[in-house]
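Here's a quick walk through this chain, fold first and surface last. Have the sequence and the 3D view open as you read.

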Amino acid sequence: MGGLGLLVSTLHMGYPWNAFYVLRHISSSWLSCEIIFAAIYLGAFMSLLPHINAEMDAC
């Protein structure tokens, strides 16, 4: 679901390749902060997912 949100946030700019230009202006663009923080959140969640599954299997 979060990956879909990232995809939609890049597509609503009109031209998806503009995402690279948006990321260059992190200090002034709310969209760049949204993309970066969502990517960090998804990366952290995906790295914890095997541990969550292991805990559920142990129960």
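## Ground rules

This is a predicted model, so local features need pLDDT of at least 70 and side-chain atom pairs count only at pLDDT 80 or more, while totals for chains, interfaces and linings use all residues. Residues are numbered from 1 along each chain as its sequence is written, and side-chain values use heavy atoms, leaving out hydrogens and water.

## Overall fold

The chain has 3 helices and 0 strands, where helices (H or I, at least four residues) and strands (E, at least two) are DSSP runs numbered from the N terminus. Along the sequence that reads α-α-α.

## Helix H3

H3 takes in residues 30-58, 29 residues in total, and reaches 41 Å from first to last C-alpha, close to the expected 42 Å (1.5 Å times one less than its number of residues). There's a kink of about 35° at Leu-49, shortly before Pro-50; the bend is the angle between axes fitted to the seven residues ending there and the seven starting there.

## Buried and exposed

Buried residues (under 20% relative accessible area, with exposed over 50%, partly exposed in between, 1.4 Å probe, protein chains only) make up 19% of the 59 residues. In H3, Leu-31, Ser-32, Cys-33, Ile-35 and Leu-42 are buried. Ile-52, also in H3, counts as partly exposed because its relative accessibility is 37%.
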